[in-house]
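Student: I would like to go through this model with you, one question at a time.

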Amino acid sequence: MTTIDLGSHPLTLWTGPLGLPDFSAVSDDAFGTVFDAALVAHQAEIDAIAASPQPATIDNTLAAMELAGEALGHVSAIFWCLAGAHTNDTIQALEREVAPKMARHYSGISMNAALFARIDALYQARATLDLDAETLRVLEQTWKGFVRSGARLDAAGKERLAAINEDLAGLGARFGQNVLADEKDWALFLEEGDLAGLPDFLKSAMAEAAETRGQAGKYAVTLSRSIYEPFTTFSERRDLREKAFKAFTRRGQNGGATDNGEVVKRTLELRAEKARLLGYDSFAALKLDDTMAKKPEAVFGLLDPVWDKARAKAAADQAELRRLAAAAGSNEPFAAWDWRFYQERLRAEKYDFDEAELKPYLQLERVIAACFDVATRLFGISFEEKKGIAAWHPDVRVFEVKHPDGSTLGTFLADYFARPSKRSGAWMSGLESGYRLGKGAKPVIYNVMNFAKPPAGAAALLSVDEAKTLFHEFGHALHGMLSDVTWPSVSGTSVSRDFVELPSQLYEHWLTVPQVLEKHALHEKTGQPMPKVLIDKMLAARNFDAGFATVEFTSSALVDMAYHARSDAPADPLAFEAETLEKLGMPDAIAMRHRTPHFSHVFSGDGYSAGYYSYMWSEVLDADAFAAFEETGDPFNPDMAAKLKQHIYAAGGSKDPEELYLAFRGKMPSPEAMMVKRGLA
């Protein structure tokens, strides 16, 4: 067996500039042996903490645990970055092997009786330890995490829970890989004569996608939202819209090796068993125990009224869309692949503009600059791009982030363009979180997008939704970069799931602040700012598709909760999905935003399982939070910005989220502001 020196290996000792790994020295084949060595090293550290003859203290137990496993943290950060953003057969095979191995390792730590005894001793004595608020919260959260992970189970229960966690990790890896395979393998290649109605920006993106797939001279419809959604919006070919829609909504449900039906069934069975083992009525009850919502009933209390209003709005909109379809001579029953197409025509009729008019003003480079500019105006930080630094793919860009005094705050990496080796969607993560404990660390945060890559020399143009996505994920990135905490476990986005979307969704609001648009929404050819009349039309139409968008989202959130709020797993998950939608009265011409077989938020790992509602829960907060700025008459009010930074973006999970929000706003919000924001009130 090869001996690995974790103190000098490029996967574990990061020697690149700005706190980065040396990606030029990263070898896919090395991950397996480095993971094994790092797991052994971490286990040795944990065993030493658990076996210490000294009485438990914050330093020798809690702090020692938090700082243990640096090598494992480093190799994991690089590996999971590649698994999502630039994968291949080697990485995928390793993912299927590593995910269960990591699950068993961390289960073993959580169920280590001697280690829990030391944590429990500190927890029981916490009132006498004179702890600062952040350290007390870390101790309480650590103790609760042990209990929720099975520390109090008997030996048989611990062994069963460890096996469940291991199986769930393997299933999550399979689910995500199956979805990626379906997305990568499907493309609809078209000729020039098939492009009726398509704007130039979409033709360019489709030509680039076809060339990437070895079909130069043709045009490819892919299952990347940056191509799929505008294609189904603008294509005059109803037959092609239908093909694209069916391929998009059947990802993970095509039979064969990439079908996720059995993966979902077994995942739900194991989650229900895990909840029972830990003494909860349902998996949703387990997952919500440490959130702002606390119980499934609170989630349904938010979603159900929104659903009723959204369904009514969508029904009224559908009547209008049918009118337009009939006027256009369509004799076919109105279908889901018609919605976006006629919705765009209804927008043009009501507001005298279409989305294609906006695209030339939303250049990717200018939207990036707008993101940075807003951060500078709110928080005083600045961004300097560093060319020539290797990352995981040549498309990745590296920025040094600086404090107002010019010192380094951290590093931000951005990977903007779609490619077959990248899973769909958009996300934020980190190679390193920022904290002060021990020798401390500066944050190394990244955003991943899936925008259509333009031909060489052309500007990448975004839709309004894509520009919002860029702001959204950058809001998450700021949550990571501005973190000002001592303990790693409460750094950045380490907060409850239904609070984590507040910094991201709140940041979206600044995209449409008029002075931001006037400065950064510049025409790709003329350099002229977006005309005020067009800005006014865009803002007037911002809730135009509120019924459709809210039905798409809320149906997905309700199905997620329906799966997980029951005490057992449904025998046939896809039949259960259909039954749930029928009970809800799902409009037949709208599909869930994420159908079960490709609902990666929920089934590719359990990050958002029983938690997809979190976006709307946080939306209640973000609508109220931005109103705090509006009430001052200044979207960059310095006093509000300082409070926002201190209590929301910099505080991480150092305090209870409700306490943090009250410190910022002085009151908790009602859902009414969110309903108004969505145009449903």
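Predicted model: local features only at pLDDT ≥ 70, side-chain atom pairs only at ≥ 80, totals over all residues.

Tutor: Residues are numbered from 1 along each chain as its sequence is written, and side-chain values use heavy atoms, with hydrogens and water left out.

Student: How many residues does the largest nonpolar core have?

Tutor: A nonpolar core is a set of buried Ala, Val, Leu, Ile, Met, Phe, Trp, Tyr and Cys residues joined through side-chain atoms within 4.5 Å. Buried means under 20% relative accessible area, exposed over 50%, and partly exposed in between (1.4 Å probe, protein chains only). Phe412, Leu470, Phe474, Leu478, Tyr507 and Trp510 have the most contacts inside the largest core. Its residue count is 132.

Student: Which residues does leucine 478 touch?

Tutor: Contact means heavy atoms within 4.5 Å. Residues up to four places away in sequence are not counted. On that basis, leucine 478 touches Ala375, Phe379, Ile381, Phe383, Tyr507 and Tyr649.

Student: What is the angle between the planes of tyrosine 123 and tryptophan 143?

Tutor: Rings of Phe, Tyr and Trp (its six-membered ring) pair if their centres lie within 6.5 Å; planes under 30 degrees apart count as stacked, over 60 as edge-to-face and the rest as tilted. The structure holds 39 aromatic pairs. Tyrosine 123 and tryptophan 143 form a stacked pair, 4.0 Å centre to centre, and the angle between the planes is 5°.

Student: Which helices hold tyrosine 123 and tryptophan 143?

Tutor: Both residues, tyrosine 123 and tryptophan 143, are buried. Helices (H or I, at least four residues) and strands (E, at least two) are DSSP runs, numbered from the N terminus. The pair links distant parts of the chain, 20 residues apart: tyrosine 123 is in helix α5 (residues 113-124) and tryptophan 143 in helix α6 (residues 133-148).

Student: Is the pair of phenylalanine 245 and tryptophan 337 stacked or tilted?

Tutor: Phenylalanine 245 in helix α10 (residues 238-249) and tryptophan 337 in helix α14 (residues 336-351) are 92 residues apart. Their rings are 5.7 Å centre to centre, with 55° between the planes, and the pair is tilted.

Student: Why does alanine 348 count as partly exposed?

Tutor: Alanine 348 lies in helix α14. Alanine 348 counts as partly exposed because its relative accessible area is 32%.
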